[in-house]
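This report concerns a two-chain model and is to be read beside its sequence and coordinates.

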Amino acid sequence: MPESIPVSLTVNGRRVEATIPARLTIVDFLRDHLGLTGTHVGCAHGVCGACTVRVDGAIIRGCLTLTAQLDGGTIETIEGVADSGEIADLQEAFYARNAMQCGFCTPGMLLTAASLKARGRPVSRQEIRDHISGNLCRCTGYQAIVDAIDTVVNTDGVNADSDGGRR
Amino acid sequence: MKPPLFDFQRAETVDHAIALLGEHGDEARLIAGGQSLMASLNFRLSSPGLLIDITRLDDLKGLTAGADGLSLGALTCHSEILLSQDIARNAPLMTAAAPHIAHEAIRNRGTIGGSIAFADPAAEWPACALALDATIEIAGPAGIRRVPATDFFKGLYETELGPGDLVRAIHVPARPAGERHSFQELTRRHGDYAIVGLAALAVWRDGRLAMPRLAFFGVGAKPVLATAAMAELDGSAGDAAAMGRACEALTAELDPFDDLNASAETRRHLARTLLRRAVARLTWEGADA
């Protein structure tokens, strides 16, 4: 009954083979074994969203997922989606709207926002708030974060809105 | 914190998982999505010697809709349920409940089987299973058996699952014609576990409620089917007099607890509020599409 597990993963397009401790979460694997420190560890129990990564195309909590369970899986991190240009529009909007202060929550916010954008339809600001409600910003910069996501997701400048629209 | 040390093994088949559970007894825990278990491991609230990964078991996968209802493999994740057209057509209560479960990143991994097996008293799926009169299919050392949700939930995190058992599937019977649903939940923040919640179903026909099903959660050690309130509403128009009787019956049959979120008295009050909201929805004349 092994405590060390061989895994084979694709991380940001690269094949990675490793033998890892059974208890290693994917966020610790990414940070400590691969040096991909853009994914952060905040609360370590699934509340803050700082550890958000994509597995097989879907966002997950990196702190609540064992690396050993992901053998054969495809992982994308903030480094991968930033380098590929996929979230360039969100990055630009976060910059333009000053939607980060300390920046700790930003990678998780960006990946979570990207999953909302992927729905490909206009959303209300309330939907944006609901969607990022699992990502905590301890600087409390939510207004700017919602503004930034709003500009990217509602590209025609119109949102289906109930709370006053853009500020 | 980081999880304690444990061994890890992928189950190859359901029988393999059951054999491993038999071999390791209390030392072993099953892990599927792990969205509750991993948090408790990170806090070191539990320290199993072995985690048995069941996420690769094809027997626990799949969602089928037929004339006799829906079958959901235990590994069906919350996001799949939220997006499934089969579920939206055949058990729209579940479609309404799914967005209340945590957040997208957690819904993408957490499973209905895990939620049912863990039986958190404030969780959505146990209450839905009770309201829908679902059946839980259990695989264990003695083979496969089916237990009605009404018998499955025993107490605080306590279920019909014995040593060596695992949840294989959840079966939801076909819904009666004209059935409506309302899913209500009060939380301090979106995605939190409910302070009080209600999964409600009833047929609305000729201005009368029939076959109401009211499953409250967050109001006791396990989800509660409010049979006395259901009896008051059955055959009524859901009018003020019937609601008065139903609320009185509900107050008497609920035995909620105090915690930091709310006192027992507050929970009773909130339960009555949710019942009123749900019945308003179930009897709304504009509701039919």
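The text below treats the contact between the chains, the helices and selected loop residues.

The model is predicted, so that local features need pLDDT of at least 70 and side-chain atom pairs count only at pLDDT 80 or more, whereas totals for chains, interfaces and linings use all residues. Residues are numbered from 1 along each chain as its sequence is written, and chains are lettered from A and ligands numbered from 1 in the order in which they are written.

**Contact between the chains**

The contact draws 26 residues from chain A and 29 residues from chain B; two residues are in contact if their C-beta atoms, placed from the backbone, lie within 7 Å. On the side of chain A that touches chain B, the elements giving two or more residues are strand 4 (58-61) and helix 5 (125-131) of chain A. Helices (H or I, at least four residues) and strands (E, at least two) are DSSP runs, numbered from the N terminus. Strand 4 of chain A supplies the largest share of that side, four residues. By class, the side of chain A that touches chain B comprises 12 nonpolar, 10 polar and four charged residues. Here Ala, Val, Leu, Ile, Met, Phe, Trp, Tyr, Cys and Pro count as nonpolar, Asp, Glu, Lys and Arg as charged, and the others, Gly among them, as polar.

In chain B, the buried residues of helix 1 (residues 14-24) are Ala17(B), Ile18(B), Leu20(B) and Leu21(B). They lie on the same side of helix 1 of chain B because they cover an arc of only 160 degrees around the axis, the arc being that of the directions from the helix axis to the C-beta atoms. A residue is buried if 20 or more other C-beta atoms lie within 10 Å of its own, exposed if 12 or fewer, and partly exposed in between, with C-beta atoms placed from the backbone. The packing partners of these buried residues are strand 1 (7-10), strand 2 (28-31), strand 3 (50-53), strand 6 (135-140) and strand 10 (166-173) of chain B. Gly25(B), with a positive phi near 55 degrees, follows helix 1 of chain B.

In chain A, the buried residues of helix 1 are Ile26(A), Val27(A), Asp28(A), Phe29(A) and Leu30(A). These pack against strand 2 (14-21), strand 3 and strand 5 (74-76) of chain A. Just after helix 1 of chain A, Gly35(A) adopts a positive phi of about 70 degrees.

**Helix pairs**

Two packed helices are described by the angle between their axes and the distance between the axes. Axes are lines fitted to C-alpha atoms, for helices over the stretch in contact, and angles run from 0 to 180 degrees between N-to-C directions.

Helix 3 (residues 88-96) and helix 4 (residues 106-117) of chain A cross at roughly 125 degrees, and their axes come within 10 Å. The two helices are therefore oblique to each other; angles under 35 degrees count as roughly parallel, over 145 as roughly antiparallel, 65 to 115 as roughly perpendicular and the rest as oblique. In this pair, Leu90(A), Gln91(A) and Phe94(A) of helix 3 meet Thr106(A), Leu110(A), Ala113(A) and Ala114(A) of helix 4. The residues of this contact divide into five nonpolar, two polar and no charged.

In chain B, helix 11 (residues 240-253) and helix 12 (residues 264-282) pack at an angle of about 145 degrees, with their axes 10 Å apart. Met243(B), Ala246(B), Cys247(B), Leu250(B) and Thr251(B) of helix 11 meet Arg268(B), Ala271(B), Arg272(B), Leu275(B), Arg276(B) and Val279(B) of helix 12. By class, this contact has seven nonpolar, one polar and three charged residues.

**Loop residues**

| Residue | C-beta neighbours and class |
|---|---|
| Gly85(A) | 9 C-beta neighbours inside 10 Å, exposed |
| Asp133(B) | 19 C-beta neighbours inside 10 Å, partly exposed |
| Asp206(B) | 7 C-beta neighbours inside 10 Å, exposed |

His40(A) is found in the loop between helix 1 (26-33) and strand 3 (52-55) of chain A. Leaving aside neighbours within four places in sequence, His40(A) is in contact with Ala50(A), Cys51(A), Phe104(A), Pro107(A) and Gly108(A). Gly85(A) sits in the loop between helix 2 (78-83) and helix 3 of chain A.

Asp133(B), in the loop between helix 8 (124-131) and strand 6 of chain B, has a positive phi of about 55 degrees although it is not a glycine. Asp206(B), in the loop between strand 12 (196-205) and strand 13 (208-217) of chain B, is likewise not a glycine and has a positive phi of about 50 degrees.
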